[in-house]
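User: Hi! I'm new to this protein. Could you walk me through it?

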Amino acid sequence: MTVDPTPTASHFIDGAYVEDQDGAPIDIVYSATGETLGRVHSATPAIVERALASASAAQAAWAAMTGMERGRILRRAADIIRDRNRDLSILETYDTGKPLQETLVADATSGADALEYFGGMAATLTGEYIPQPNGDFAYTIRQPLGLCVGIGAWNYPTQIACWKAAPALACGNTMVFKPSETTPLCALKVAEILTEAGAPPGVFNVVQGRGDVGASLVDDARVAKVSLTGSVPTGRKIYAAAAAGMKHVTMELGGKSPLIVFDDADLDNAVSGAILGNFYSTGQVCSNGTRVFVQTGIKQRFLDRLCERLSHARIGDPLDESTSFGPMASERQLDIVQEYIRTGLEEGARLAYGGKRLNRPGFYIEPTVFADVTDDMTIAREEIFGPVLSLLDFEDEEEVLERANATEFGLAGGVFTNDLTRAHRVVARLEAGTCYINTYNLAPVEAPFGGVKASGVGRENSKEAIAHYSEVKTVHVAMNGVEAPF
Ligand code: NDP
């Protein structure tokens, strides 16, 4: 079956596709060729209002359903996604340019995992019984927050929509989701599938648009919570806007995470970790370990092995399943990455591999490795969000920990060593929300995911996410008379 990447309409509101050509056009550009696949239109204020009104109206009835009923719908949506994994993966590839080899296993499947996990959890969201003296007691009720807004980045459009929708809907909230304007396609499919699975109209809505549309959603008084996946600067703006309305937030933001390789590490595993943590999804992963600190004793062997392994990357048509490295998601992001490569060279880093744009249509850049990078260089301090690995040398554990933590970010961190005591000692001191020992970049739905410091607020996935999409009401019950002072 061939997949038509053109969407039925720009938005999905109140259980149906909606078009409104009054909104500014947004071209859907396939980053592997640069060709325009179609266009959607940015949401006008009228469309934003329709979406918010629909989500607001749907919320009470959705929350009144039992957790069993809501969960069944989410799990049915997970089953539909799994049945259609290939088509949804092809769509994800059109949306992002990521190789089908990746999207078949990492995107729709991850979204289905979230819907299945939180679907299963929906019926378990109960309160507590709290005994008090003389038979009095209190109890708690876990309640939804209400209308939630989800705003996504462009690197994992299906996964981000599902990671936000699944816990929100499981708790009885409704959602208006705005994908990045770079990747407008996949969230619409998530909405369509949730509706097919039985979600009532208004429970999950999608509107297109740029930051201004996102901002108008965040500012609306009916919105109880905002969950953003995006950059730190956008996170600061949205967090501030949400604070004005005393709204809950989840902020999944950027990083510049350290990956520390000690002399005694298994060399091939450490190189594999560095590849996963820098070049998967063409480096467009928030938790990437882009500062690779390598102890001096293993440095040259690590670099040689890394460059040798990179020569086996198959760069090309992302729809060809043998391709293992695709284009950047947009020309804008390609320009940003090229600018960082120029800056790295200007500031004296040694280009050890790649660095050039490919001479072919589409937004391709080679996997790139800089060696002899120092902590003060721009490429070691700022998030590049592309396939650029910086190799930094270190001598000892105390020194590397201090340097690894000397950043405003705190999303992830990893350590490769065969000394298990040291591994646990190091991750205990890494200032990061998610740590890896002898592996890198796993994000299963059962485990919490998120950052500390400027990299985020709150956690996605796991039982932890429930706390971020619900609140607890306490009820005190007297079984005796009421004592008053007069
Ligand atoms: P941006 O921060 O530029 O945008 C994120 C989203 O916010 C987009 O949908 C954007 O719309 C929207 N937006 C922008 N300005 C506003 C505003 N003032 N109010 C409301 N919404 C707004 O991030 P990118 O899309 O460029 O994504 C890359 C970033 O995302 C990286 O920093 C990366 O680290 C981070 N990220 C974090 C992850 C995590 O889980 N921690 C996972 C994946 C990515 P538009 O794009 O249409 O302008």
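User: Which residue does UniProt list for "active site"?

Analyst: This is a predicted model, where local features need pLDDT of at least 70, side-chain atom pairs count only at pLDDT 80 or more, and totals for chains, interfaces and linings use all residues. Residues are numbered from 1 along each chain as its sequence is written, and side-chain values use heavy atoms, leaving out hydrogens and water. UniProt positions are given in the numbering used here, with feature names shortened, and annotations may be inferred rather than shown by experiment. The unreviewed UniProt entry lists Glu252.

User: Is Glu252 buried or exposed?

Analyst: Glu252 lies in strand 11 (residues 248-252); strands (E, at least two residues) are DSSP runs, numbered from the N terminus, as are helices (H or I, at least four). Buried means under 20% relative accessible area, exposed over 50%, partly exposed in between (1.4 Å probe, protein chains only). At 4% relative accessibility, Glu252 is therefore buried.

User: Which residues of helix 11 are buried, and how wide an arc do they cover?

Analyst: Helix 11 spans residues 299-310, and its buried residues are Phe302, Leu303, Leu306, Cys307 and Leu310. An α-helix has 3.6 residues a turn, so residues three or four places apart point the same way.

User: How many residues does the largest nonpolar core have?

Analyst: A nonpolar core is a set of buried Ala, Val, Leu, Ile, Met, Phe, Trp, Tyr and Cys residues joined through side-chain atoms within 4.5 Å. Leu115 and Phe302 are among those with the most contacts inside the largest one, which has 75 residues.

Technical notes:
The expected span of a helix is 1.5 Å times one less than its number of residues.
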